[in-house]
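Please open the structure in a viewer and keep the selection tool at hand.

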Amino acid sequence: MNARSATIFAVALLVIAAAAMALAGANPLAGFAALLRGALGGEHQLSETLVQTTALLFPALAVAFAFRAGLFNIGAEGQLIVGGLCAGLIGAALAAPGWIAIPAILCAGTAGGAFWGFIAGALRARFGGNEVIATLMLNIVAALLANYLVSGPLHAPAATGAETAVLPAGSWLPVLLPGTRLTIALLLALALAVFLRYLFARTVFGYGLRAAGDAPAAAARAGIDLRRTALVAMTLSGAIAGLGGATLVAGVLHRFNVALSPGYGFIAIAVALVGALDPLRIVAAAFAFGILQSGSLTMQVLAHVPKDVVSFVEGLAIIGLSAQRLTGTRDA
Amino acid sequence: MTDGASLALEARGIVKRFGSVCAVDGVDLDLVRGEIHALCGENGAGKSTLARIVAGTLAPTSGSVLRTGAVGLVHQHFELVDRLRVWENVVLGREPRRGLRLDETAARERVRMLAASYALDVDPDAIVENLPVGIAQRVEILRELSREPTALVLDEPTAVLAPGEIDALFATLRELAARGAAILVITHKLAEVIAHADRVTVMRAGRVVMRSATAATSLEAIARAMVGGEVPGLAPRSGVAPRPAFAARALSAGGGAHALRSATFEVRGGEIVGIAGVEGNGQSALTDAIAGMLPYEGEMSLGEQPLRGDPAARIAAGVRIIPQDRQREGLVLGWSIVDNVALGDQTRPPLARGWTIDRNAAAALATQIVERFDVRTPSIRTSVASLSGGNQQKVVVGRALAHAPRFVVAYQPTRGIDVGAAALVQSRLIEARNAGTAVLLVSFELDEVLALSDRVLVLYRGAIAGAFERAAFDRARIGALMAGAA
Amino acid sequence: MLDFLELTLVKAAPLIFAALAGVLCERSGILNIALEGGLTAGAFAAVAVAYATGNPLLGLAAGMLAGALLCGLLGVAATRFGVNQIVAGTGLNLLAAGGTAFGIVVLFGTPGASPEVPALGARGEGILVAVALASSFALAFALDRTPWGLRLRACGENPHAVLAAGLDPRRIRVLATLAAGALAGLGGVFLSLGELDLYSDGMTAGRGFIALAAVIFGRWTPLGACAAALAFGALSALQFVLQRAGIPSELMQALPYLAALLALTGIAGRARPPAADGVPFLDA
C-alpha cells in the first residue's frame, strides 16, 4: 500500500477508535493521551512498552517467516504457548547455573515451538493438508494441553493458579534496566530480526524460501523442493514463536501459566503485515503495537476506556491490511 | 459501407486503456450478418481486448458498440466449469425451471436439440473436465449459441484443434453465418483466413492497419500488415555432426487423454528435434517427465549416464527447460531480472558462493543476457513484471541457454510474443544447436517446427506417429498424422 | 439415552449453523475462517437487543443481522478488494472478540458477562434445533437442485465461467456470505439466547473452528457437515460422562480438533474443495 492510502487508513482507524471511546462515555483525547502516557510517559513506562514490543516481535518474525515462504502460519499463538510450556517445565526442573540453565530453557522453548510448527508443516508437506486449518486447530489443542498439564500433573504444588513452579532466580533472564521487566530478550529479538533480514536477502536458503512463496510453480521447476521448504519453514517459524514463549517464561513471568499470552500470536499477524513482512520494518511495527498493548491498561484505568477497544482496532487494522499482496512483490 | 439492415454489430471509436497502457486505440469495426470476418494481428495488438469489448464482457474506456442482439464469445482458454456437467454449463444463467427446482430434463433436452441443430455432437451428462479439448470447445460454443446471438466471436478457436477438426469448425461457422449470424474469428493463422473468411481486418499496436475482403488480398499482404514490415530472418544453420546426447526409451507419463505412451526417441547434440502435434496430445506429459516434474515409466539418458531424479538433479546434469507458461513457471514476476536469472542455478557456483548468493555474478549474468537477447529494459534491476511478454520470454530463454546446457527442451518458446522477439528466440535456439546443444522443440505451431527442426516427430494421442528428416518434410502428411491418420 | 441424544442435539446445533455457513461460503469460493467471529457477533447482538427491547425474538433477528454483517464484510472485502481471505478472516475474529468484550462494558457496565436477559426458553431452543436440521436439508436441496445453487457452485469452481454466462460472480459471492453470516449469527443466538440467557466473554469457545473441521469432514456438503457437526456434538455430550470416568475434560474438548487434524491427512478420503476456494476473482 502506498503512502497515501496508508495515511488514510491510519486516520480512519484513529477516527473509529475515537468513536468507540466516545461510545464508552470517555473523552477520546483523554483516552489517546492516557494511552501514550501509559506507554511512553517515563522510564518505567517505556521499559514496559519494550517488554510488550519484545513479546510481539518474536511471533511477528515467526509469522512473517512463514508468510514469505507462502505459508499461512495462523498458529503462532499455539507455538508460543507450547514453547513457553517446554521452557517452564525445563526451567522449573533444572537446577544449574544461569549460563547453562538459560540457554537450556531457551532451547527447550525453541524446540517445543519447532515441534508444534513441524506438525502443521508435516501435514502440509506429506498430505497436502491446509496449514491454515492445521495451525488453527493446533492453537486450541495447545491451549488445552497446557491447561491440562499445569492444572493437573505438572501443577506447582505451591501455586495458586494453573501454572508451573517458579523458575529458580538464577534461570531468570538478565534484566537490562534494573527495576524493570525489560530483559536481554529484547536484544535477542533484535538480533534475530537482523539475522532474518540477512537470511532472506543474501542466502541461498532465503532465496529458495522466497521463490517458493512468490512463485511456487517456477520454484519447483528451478529445483526447489516445495514440500521440504514447507516443512522447514513451518518448523523454523514455530521455533521462533516458541523462543518468544520461552523468553516470556524466563524473562517476564518466571514461570509458565495459562495466561502467558493475551493473544500475542494473533496480534503478531497484524504486526507482520504492518511491517510488510520485512524483519526490520517489523521491529518498528512491533514497537507501535507495543505502545498499544502497554498503554491500553493505563488508558483503561485513567480514562475509563475498556482496553478491548485496542483488539477491536487491531482487528480492523488486519482487515484493512489484508488487501496487501503478501508475496511476489519484492526483491530481497 | 454495408447497409444497416444487415449489420449485426457496429463499434465506433473504441479505446481501451489499462493504466498507462493503451490496448485499443480508436478502432471501428462492423460485423455483417452472414459473413465470417477474421481479425488478425500479433500478440499484444489488442485483438482479444477488442473481442471482449465487442462481446460486452469488458467496458471500453471510450467509444460505443451498437448491438442488434446478443453477442456470444468463445474464449481461447475456455471458461467452463470443469467439475460440472455439459448441460449445467450450457444452461448456466438461463436455467429452465420447474417451480423452485432446476428442470434437468428440459435442460438436457435443450442441449440435445441445440447440438443436433448445429451438428455439434456432445453428451449432455459428460463432466467437462473429462472431455477432450476439441469436444470441450463445443460445449462453450453451445453455451453461447443457446443465447441465440446475432453475432458470435471466437478467440483463436483453432489453436487446440487438429486440421480435420478445424475444417469441421469452419463448416459449423459457415452454417451459422448462413442462418444469419455475424461471425468474428480472431486468429493468427493466415492460411485459415484466406481459406474461410470473407473479410479480414488487421490490427497492430491497438489500431486497425488494414481492412479488406479476403478475395482481394493475399496471405503475404496480411502478414506484412501484421508485422509492419518484413519478417526478420532466422540465424543460419551450420553443418554440425550430431553426437549422442539425450535418449528416451519407452517413456510413459501422465494419465487420461493427455498421457504420453511409450515414446522412444533420441535428440543428438547439434540437432533440433521438433515435436509436431496439436495441443493436448501428450506434449506436457513429455516435457514434464523430462523436467522431473512428473513420475514416469521407462528410461532417459543423457550422454552415457542415465537421467534420473528431481528437477534439481536434472538441471545439475545439464538439462534446461523453457516452460510453456513463462509467467507462472519460468519467472518470479515480482522480482528483478537479476534475481530471476539465478533461478535454477541458485545452489551452485558461479551464482552461489557457499551459503550466499553471489550478487555480482548474478548482475553480470543478467547484463550478459540483456545484451545478447536484446531485452528492452531500463535496467537489470527492473521488475520483470513490467517487461513485455516478448522481453520476459527473452529473459527465460537467455537464462536457459546461458550456461551452455547439454540438452534444452523448448516448449512453446515463442507463444504469445511479437514477431521480432520470436525471430530472435528462434535464432538463439539455432545458434545453440550450432554450438552442439541438443534441442527438443515442442510447439503447436507447425510452421515453427518445420522452420527450425532437423528432424520432426509427430505426436498423436501420446504416441510417436511418424518421423521425418528435414530433407523429406511433407507438410500434408505431417498434418494428417497430427490428426490421427494412419 | 434420550438425555444423551438431547444433549448431543443441543451441543451440535450451533456447530451445525456455523458449519452450514462455512459450506455456503466455501462452495461460493470464499474461504471463511471467521465463523467464530460470526458466532460471537450473533451471540452478543442477540443479548444486547434482547436486553434493550425485552424481546428475545428481536434479539434473534439482531443476532442474524450481526452475523450477516460480519461475514458480509468478508464477502465485500474479498470481491471488491481482492483481499487475502485468511488474513481478513483472522482480523474479523479479532474484531469480534475485541468488539464484544468492549461492548459488554459499554452496554452493561461491568466486564466479563451480561446480566440475564429475556431468552428463547426451552421451546425456543428446541425450535432452533429443528431449524438447524431442516436448514441442512434445505441447503442441500438448494445447492443441488435449484438454479441459484448451480450458479453458486459454478462461482466456487470457476467465477470466470459465471461471468462468461452473463452473471455477476461477485454479487453471488457477497449474497452467499450474507446468508452464511445470518446462519452463523443464528448459531450464536442459540448459544446466548437458546441454551442460556446471557452473553459471556469467550462463550463461543472455539466452536467456529470446530465448524471448520466439520466442513472438511463433511466434504463441503451441507448434509456431510451436519453429520460431522452431530458427531462433534455427541463427543461433547460424551464429555460429561467420560469425565466421571477420569478422562480429562481437556482431552475430550480436544477431540474435534484432533479429528480435524487427522482429516487433513486424507484418512477420511481426499475430497477436493471448490477449485476457486479462497482465490480472489479480479477482473479488469
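Which residues touch the most other members of the largest nonpolar core? The model in view is predicted, and its largest nonpolar core holds 390 residues. Select A:Leu61, A:Met137, A:Val271, C:Ala19, C:Ala213, C:Ala214 and C:Ala229: these touch the most other members. Domain 1 (4-227) and domain 2 (243-334 + 389-482) of chain B both contribute residues to this core, so it lies between them.

Remain for a moment with A:Val271. Apart from residues up to four places away in sequence, A:Val271 touches A:Leu56, A:Ala60, A:Ile282, A:Ala285, A:Ala286 and A:Phe289.

**Chain A as a whole**

Chain A contains 13 helices and zero strands. Its radius of gyration is 20 Å, close to the 20 Å that the globule rule gives for 332 residues, so chain A is as compact as a globular protein of that length. Along the principal axes, the C-alpha atoms of chain A fill a box of roughly 60 × 55 × 30 Å. Of the 332 residues in the chain, 63% are buried. Among contacts in chain A between residues at least 6 apart in sequence, those joining residues at least 24 apart make up 78%.

Select residues 226-253 of chain A, which form helix α10. At 1.5 Å a residue, the 28 residues of this helix should span 40 Å, and the end C-alpha atoms are 39 Å apart, which agrees. Helix α10(A) is mostly covered, with 23 of its 28 residues buried. The residue that follows α10(A) is A:His254, whose phi is positive, near 65 degrees.

Now move to residues 76-93 of chain A, helix α4. How far apart are the end C-alpha atoms of this helix? They are 26 Å apart, in agreement with the 26 Å that 18 residues should span at 1.5 Å a residue. In α4(A), 17 of the 18 residues are buried, so this helix is largely enclosed by the rest of the structure.

**Where chain A meets its neighbours**

Display chains A and C together. Their contact takes 36 residues from chain A and 37 residues from chain C. On the side of chain A that touches chain C, the elements giving two or more residues are α1 (3-23), α5 (98-127), α6 (131-151), α11 (264-274) and α13 (308-321) of chain A. The largest share, 10 residues, comes from α6(A). By class, this side of chain A has 27 nonpolar, seven polar and two charged residues.

Colour chain B by domain: domain 1 covers 4-227, and domain 2 covers 243-334 + 389-482. The C-alpha centres of these domains of chain B lie 31 Å apart. Between them, 11 residues of domain 1 are in contact with 12 residues of domain 2. The side of domain 1 that touches domain 2 has eight nonpolar, two polar and one charged residues.

**Backbone details in chain B**

Select B:Pro349 and B:Pro350, where the peptide bond from the former to the latter is cis, with omega near 0 degrees. B:Pro350 belongs to the loop between α11 (337-341) and β18 (352-353) of chain B.

Continue to B:Ala250, in strand β12 (residues 243-253) of chain B. Is B:Ala250 buried or exposed? With 12 other C-beta atoms within 10 Å, B:Ala250 is exposed. Its phi is positive, near 50 degrees, in a residue other than glycine.

B:Arg461 also has a positive phi, near 50 degrees. B:Arg461 sits in the loop between β22 (455-460) and β23 (463-469) of chain B, and it counts as partly exposed, with 16 C-beta neighbours inside 10 Å.

**A last stop in chain C**

Finally, select C:Gly187, in helix α8 (residues 169-195) of chain C. C:Gly187 counts as buried, with 34 C-beta neighbours inside 10 Å. Leaving aside neighbours within four places in sequence, C:Gly187 is in contact with C:Pro14, C:Phe17, C:Ala18, C:Leu39 and C:Gly42.

Technical notes:
Residues are numbered from 1 along each chain as its sequence is written. Chains are lettered from A and ligands numbered from 1 in the order in which they are written. This is a predicted model: local features need pLDDT of at least 70, side-chain atom pairs count only at pLDDT 80 or more; totals for chains, interfaces and linings use all residues. A nonpolar core is a set of buried Ala, Val, Leu, Ile, Met, Phe, Trp, Tyr and Cys residues joined through C-beta atoms within 7 Å. A residue is buried if 20 or more other C-beta atoms lie within 10 Å of its own, exposed if 12 or fewer, and partly exposed in between; C-beta atoms are placed from the backbone. Domain bounds come from an automatic or database domain assignment. Two residues are in contact if their C-beta atoms, placed from the backbone, lie within 7 Å. Helices (H or I, at least four residues) and strands (E, at least two) are DSSP runs, numbered from the N terminus. The radius of gyration is taken over C-alpha atoms; the globule rule is 2.2 Å times the number of residues to the power 0.38. Ala, Val, Leu, Ile, Met, Phe, Trp, Tyr, Cys and Pro count as nonpolar, Asp, Glu, Lys and Arg as charged, and the others, Gly among them, as polar. The expected span of a helix is 1.5 Å times one less than its number of residues.
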